[in-house]
Amino acid sequence: MKFEGFTQQDFETFTIEGLDERMEAIRGRIQPKFHEVGQLLTDDLSSMLQNEMFLHIAKHARRTVNPPKDTWLAIAANKRGYKQHPHFQVGLFDDHLFIWLAFIYELPNKEKIATNFLDNIDLIKQATNQEFYISLDHTKKDAKPIKEVDLESSLERFKNVKKAEFLIGRHFDANDPIVKNGEKLYHTIRETYEALLPLYKLSFK
């Protein structure tokens, strides 16, 4: 396997001052790794879902001044974009790696998805374990372990608040040995996605 995982230098990318300088490092250090592991995961998800999936890598194109605090790859069933669709993510902040099944505020049918999840809340609990995390805003670091979250009220907020989001998955500290081991990390991401497939499928019902 070519993918070797992420290094301390990759996480330190987010301490680089200046938009152009940080973007150059993201493109040079991190995006080639996203292409390597992302293509493997896209093929895996296409096979698991029996549906063609497409890899997207965040371009941060709208930024003109502030450098990005994080960066990610996304995998969705749409070739042109991912933000308006349920999608899978892998990404980095300066201090951790995240693995998400993401439902963000740009989804046009957010309310319907939230209702499906509320009606099948036990399915979410069965699909996940105490190692899973929940985030209600993809732009912030403050995700919490699922055991510390009121799942029902989080989903109600996702349903009723226009800008609310719902992301579910795993977190690994930048110093965790697994992030530096490409093979182990790839298998962990794959297993996380596999566990979340029932929720992904439920979002289309």
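The legends below describe several close-up views of a predicted model.

**View 1. Helices α3 and α5 pack against each other.** Two packed helices are described by the angle between their axes and the distance between the axes. Helix α3, which covers residues 110-119, and helix α5, which covers residues 151-160, pack at an angle of about 160°, and their axes are 8 Å apart. Because angles over 145 degrees count as roughly antiparallel, α3 is described as roughly antiparallel to α5. The crossing of these two helices, α3 and α5, is left-handed. On the side of α3, the contact is made by K110, E111, I113, A114, T115, F117 and L118, while α5 contributes E152, L155, E156, F158 and K159. Sorted by class, the contact of α3 with α5 has six nonpolar residues, one polar residue and five charged residues.

**View 2. Several residues of helix α3 are buried.** Within α3, the buried residues are K110, I113, A114, N116, F117 and L118. An α-helix has 3.6 residues a turn, so residues three or four places apart point the same way. What covers the buried residues of α3 includes helix α5, and also β4 (96-103), α4 (121-127), β7 (166-173) and α6 (182-202).

**View 3. Helices α2 and α6 pack at an angle of about 40°.** The axes of α2 and α6 are 11 Å apart, and the crossing of the two helices is right-handed. From α2, the residues V37, L40, L41, D44, L45, M48 and L49 take part, and they meet Y186, I189, R190, Y193, E194, L197, Y200 and K201 in α6. When the residues of the contact of α2 with α6 are divided by class, eleven are nonpolar, four are charged and none is polar.

**View 4. L45 is a buried residue of helix α2.** The position of L45 is in helix α2, and L45 counts as buried because its relative accessibility is 0%, where buried means under 20%. If residues up to four places away in sequence are not counted, L45 touches Q50, N51, M53, I75, F88, Y193 and L197. L45 and L202 are 157 residues apart along the chain, and their C-alpha atoms are separated by 16 Å.

**View 5. Aromatic rings pair in several places.** A pair of aromatic rings is described by the distance of the centres and the angle of the planes. The structure holds ten aromatic pairs, and one of them joins F6 and F34 in an edge-to-face arrangement, with 6.0 Å from centre to centre and 70° between the planes. This pair links distant parts of the chain, since F6 belongs to the segment before α1 (8-12) and F34 belongs to helix α2 (residues 19-49), and the two are 28 residues apart. Both F6 and F34 are buried. Another pair, formed by F158 and F166, is tilted, with 6.0 Å from centre to centre and 35° between the planes, and both F158 and F166 are buried.

**View 6. E165 is a buried loop residue.** The loop between α5 and β7 holds E165, which is buried, with a relative accessible area of 2%. Leaving aside the neighbours of E165 within four places in sequence, this residue is in contact with F103, I104, Y105, S135, L136, D137, H138 and F158.

View 7. Q50 is a residue other than glycine, and its phi is positive, near 55°. The place of Q50 is the loop between α2 and β1 (54-57), and Q50 counts as exposed because its relative accessibility is 70%. H60 is likewise a residue other than glycine with a positive phi near 55°, and H60 lies in the loop between β1 and β2 (71-76). At 13% relative accessibility, however, H60 counts as buried.

Technical notes. Residues numbered from 1 in each chain as written. Predicted model: local features only at pLDDT ≥ 70, side-chain atom pairs only at ≥ 80, totals over all residues. Heavy atoms only, no water. Axes fitted to C-alpha atoms, helices over the stretch in contact; angles between N-to-C directions. Helix = DSSP H or I, 4+ residues; strand = E, 2+ residues; numbered from the N terminus. Parallel < 35°, antiparallel > 145°, perpendicular 65-115°, else oblique. Left-handed = near helix turned anticlockwise from the far one by under 90°. Contact = heavy atoms within 4.5 Å. Nonpolar A, V, L, I, M, F, W, Y, C, P; charged D, E, K, R; others polar. Phe/Tyr/Trp six-rings, centres within 6.5 Å; stacked < 30°, edge-to-face > 60°. Buried < 20%, exposed > 50% of the residue type's maximum accessible area, 1.4 Å probe, protein only.
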